Number of protein chains: 2
Amino acid sequence: MRILLTGASGFVGGAVLRALSQRGVETVALSRRAPTVAEDYVWRDVDLMQPPAVAAALNAIRPDAIIHLAWIVEHGAFWTSATNLDWITASCRLALSGRAAGVQRFVGVGTCFEYDCTASHICREDGTPLRPTLLYGVSKDAARRVLSALALSHDFEFAWARLFFLYGPGENPRRLVPSIARALAAGQLAECSAGRAVRDYMDVRDAAEALVALALSPITGAVNIGSGEGNSVRRIVQILGRVAGRSELLRVGALPDREGEPARIVADITRLRDEVGHRTGRPLEDGLAEAFVYWSEAARAAR
Amino acid sequence: MRILLTGASGFVGGAVLRALSQRGVETVALSRRAPTVAEDYVWRDVDLMQPPAVAAALNAIRPDAIIHLAWIVEHGAFWTSATNLDWITASCRLALSGRAAGVQRFVGVGTCFEYDCTASHICREDGTPLRPTLLYGVSKDAARRVLSALALSHDFEFAWARLFFLYGPGENPRRLVPSIARALAAGQLAECSAGRAVRDYMDVRDAAEALVALALSPITGAVNIGSGEGNSVRRIVQILGRVAGRSELLRVGALPDREGEPARIVADITRLRDEVGHRTGRPLEDGLAEAFVYWSEAARAAR
């Protein structure tokens, strides 16, 4: 079993590369920047926006399956960047090139933002309406639709992993968990909004294991990758204060709430648990404690 | 009012160029091949797969609206060609470049093959489920979804003209009407299937007028462009035999039926008629009689 992994140099990619390596899966990492994790894999420098180069690489690698993580992920910008448009076609071209090179299974990565999160208490793959609004979710949804059709017409298995909220090693330091953890580690005030929004947060390493389990399973279609538990952002921040022993530095409510955000985005993980057979990951408290240690050490190392 | 027209060198494009000219609309035609109709317009040789060139052209032209016809149309191949994938992104990039250059309105062109034609007696924009199967329809559907989102986020008007079955001057000679007309004009046997399938056939010149009416209207969303009338393929062929005065050359049923084709694909044209205000085009018999004359003369000219 040989897996081709795109986006291997990213936040999720690094964790997936490690999870594949730990399972002993032969892996070829495709990315423009070299992956940063020290595992056993082959790296190829390929630009997925260059279809001829992609086709040549696939014919040389001849993987059995593809886990396709690459997409625009630039912090903040990815929500509305026109680069999302390029990734629709690039992702579909990748699947076709892969199929032509013998690929049997393609696992793409979507997002909870494909769902109309205001419509359900919990997002279900077969029940919650799809109504993405920002270009990121719209483009992911379009890619999924076309990939589904290609899977039928070109006879390969297609699964679509919808990721919810992730934190953990390698996360962009400007996001919620790192920014709070770094402030606390530095003994600085940690400001955040009132944090009433309820989200499904999961350690990226658990998400990576779920993704790999999905890739190695025969399950097709959309599969939520989440913890299945909703926690308010306020609670996330309070746990970080507690594990840091610096709750007094928290300033919950100091920043304004973001307008127009769904009150609740939580994954139904029935498919992941019962069909893919993935067991639950680490408890939120443990993951956040590890994240705090990670960001504390990163801050010390940077000094 | 200045309109930018893509795909101007094609079958529909030529008719739209003429309809725009007849209405006195200032038109810039964008295509890689020069348009063949002799009307009053400016032609620019631009490859829509080159976003920087498209952006530069749009900034120079500064149109008020875009009618975007360009897409892969290669006879037979377009149904499943991977080039459909490139047109999703190219179409969306065109809309964004247009918006950045001041475009207020974008009219894209879809297809009746976006609909699940087995689900309804007649295809309605707001009632018939969308379930494209071949890559052509899937890609058009994906483009429409992303363009709709871009129209909201970037504040421009977006209409999506779903074309049904067209015939008329400039059609690919291998398609139904030209191939029957040419055989009859040459005094040869005209073979076809049993022709039980019912389709909505429209003269391309009437479709072009409807498209231009839509472009000049403020109507947004999907709008069917069709005659609203269903006729069996057998009846189309029989009319051609009659107008040619050569019904004895028809061999209906000589070719096998295509498998898996929907029994009926007919447009509900309520939106086109009542909202866009487009009046019905020429009767089928008149259009087919003109088509027969056109193909007879084309055959004579080629001798």
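Contact here means heavy atoms within 4.5 Å. With that in hand, welcome to a predicted model in which chain A and chain B bury about 1500 Å² between them.

- You will find A:T111 in strand 5 of chain A, which covers residues 105-111.
- A:T111 counts as buried because its relative accessibility is 3%, and the cut-off for buried is under 20%.
- Setting aside neighbours within four places in sequence, A:T111 is in contact with A:Y136, A:G137, A:K140, A:R162 and A:L163.
- The side chain of A:T111 also has a polar atom 2.9 Å from the backbone nitrogen of A:F113.

**Where chain A meets chain B**

- Each partner is represented in the contact: 18 residues come from chain A and 18 residues from chain B.
- Of the area buried between chain A and chain B, about 1500 Å², 70% is on carbon and sulfur atoms.
- There are 2 salt bridges between chain A and chain B.
- A salt bridge joins B:D86 to A:R93, and the closest N and O atoms of this pair are 2.5 Å apart.
- Polar contact links 7 residue pairs between chain A and chain B, counting pairs with both residues at pLDDT 80 or more.
- On the side of chain A that touches chain B, the elements giving two or more residues are helix 3 (83-100) and helix 4 (135-154) of chain A.
- Sorted by class, that side of chain A has 11 nonpolar, 3 polar and 4 charged residues.

- Strand 9 (residues 198-199) of chain A pairs with strand 12 of chain A in the antiparallel sense, over 2 bridges.
- For a residue to look up in the viewer, take A:R199, whose bridge partner in strand 12 of chain A is A:N231.

- Between strand 9 (residues 198-199) and strand 14 of chain B, the pairing is parallel over 2 bridges.
- Opposite B:V198 stands B:R264, in strand 14 of chain B.

Definitions and conventions:
Residues numbered from 1 in each chain as written. Chains lettered and ligands numbered in written order. Heavy atoms only, no water. Pairing = 2+ DSSP bridges. Helix = DSSP H or I, 4+ residues; strand = E, 2+ residues; numbered from the N terminus. Buried area = accessible area lost by both parts, 1.4 Å probe. Salt bridge = Lys/Arg side-chain N within 4 Å of Asp/Glu carboxyl O. Polar contact = N/O pair within 3.5 Å; in protein donor to acceptor, adjacent residues only side chain to side chain. Nonpolar A, V, L, I, M, F, W, Y, C, P; charged D, E, K, R; others polar. Buried < 20%, exposed > 50% of the residue type's maximum accessible area, 1.4 Å probe, protein only.
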